[in-house]
Amino acid sequence: MSKGLIVSISGPSGVGKGTVIERLREMIPGCRHSISVTSRAPRGTEKDGVEYYFRSKEEFEELISKGEIIEYDQYVGNYYGTPLTPLLQMSSEGKTVLLDLTVPGSLALKDKFEDTVTIFLLPPSMEELRSRLCGRGTESEDLIEKRMAQAKNEIAKAEKFDYVVTNRTVEQAAQEIAAIMKAENCRFKRSSDAVETLLAQ
Ligand code: 5GP
């Protein structure tokens, strides 16, 4: 079993996963974000190696064939995947690792690492989700419609996740996820060392 908690957060595009993850990183020392590789183009001020590693489709396929991607998915015509080595490295150093993955991505990761904690982030309403997507101002109307249709399909799969959190405000959602992380760290399987130490005294 890995040392640091691996927490995978999914939810429709525009629900605010990135912002909630950013807040969690401020709140929790030793918390890291797994930077994904994608074949989509950078949006706005996004920089290579910060929000994503931006690669061509060919480069992405090469990473898959070399076994360097632990899970990947295609979303609105582009590849998104999790690099294996940094994930293992951060977790073995005892860091809590946060991932922002598609629904199949979180479920695939849990299949590979069964201790992964999966959290589904819901919007307060579909109307609110649409207005958040429009407010971003980076997507065409056609792409927004595609993302709204995808959102419904994704929400239907929330039952496969360990936890469901509604993102009413960034602060409330981050506090709830932090509480989940605290509880997960207190599970017997993650605290058995403390028990053994006491019994040996
Ligand atoms: P966006 O283009 O809005 O940044 O991301 C689109 C979708 O890709 C989001 O739902 C996000 O969670 C997902 N995503 C980002 N990185 C990864 C990854 O490494 N693997 C998978 N499966 N999905 C990812």
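**Pocket lining and domain interface**

User: From which domains does the lining of the largest pocket draw at least three residues each?

Analyst: This is a predicted model, in which local features need pLDDT of at least 70 and side-chain atom pairs count only at pLDDT 80 or more, while totals for chains, interfaces and linings use all residues. Residues are numbered from 1 along each chain as its sequence is written, and side-chain values use heavy atoms, with hydrogens and water left out. A pocket is an open set of points on a 1 Å grid over the protein atoms alone, where a 1.4 Å probe fits and protein lies on both sides within 12 Å along at least five of seven lines, and lining residues have an atom within 4 Å of a point. With domain bounds taken from an automatic or database assignment, the lining draws at least three residues from each of domain 1 (1-31 + 95-201) and domain 2 (35-94).

User: Which element gives the most to the lining of the largest pocket?

Analyst: Helices (H or I, at least four residues) and strands (E, at least two) are DSSP runs numbered from the N terminus. Strand S5 (69-75), strand S6 (78-83), helix H6 (141-155) and helix H1 (17-27) each supply at least two lining residues. With six residues, the most is given by H1.

User: How many residues apart in sequence are the parts that Lys-17 and Asp-100 tie together?

Analyst: Lys-17 and Asp-100 are among the residues closest to the centre of the largest pocket. Their side chains meet at 3.3 Å, N to O, in a salt bridge, meaning a side-chain nitrogen of Lys or Arg within 4 Å of a carboxyl oxygen of Asp or Glu. Since Lys-17 lies in helix H1 and Asp-100 in strand S7 (residues 96-100), the pair ties together parts whose separation in sequence is 83 residues.

User: How many salt bridges does the rule find across the interface of domain 1 and domain 2?

Analyst: Counting heavy atoms within 4.5 Å as contact, 25 residues of domain 1 are in contact with 17 residues of domain 2. The structure holds twelve salt bridges, yet across the interface of domain 1 and domain 2 the number found is zero.
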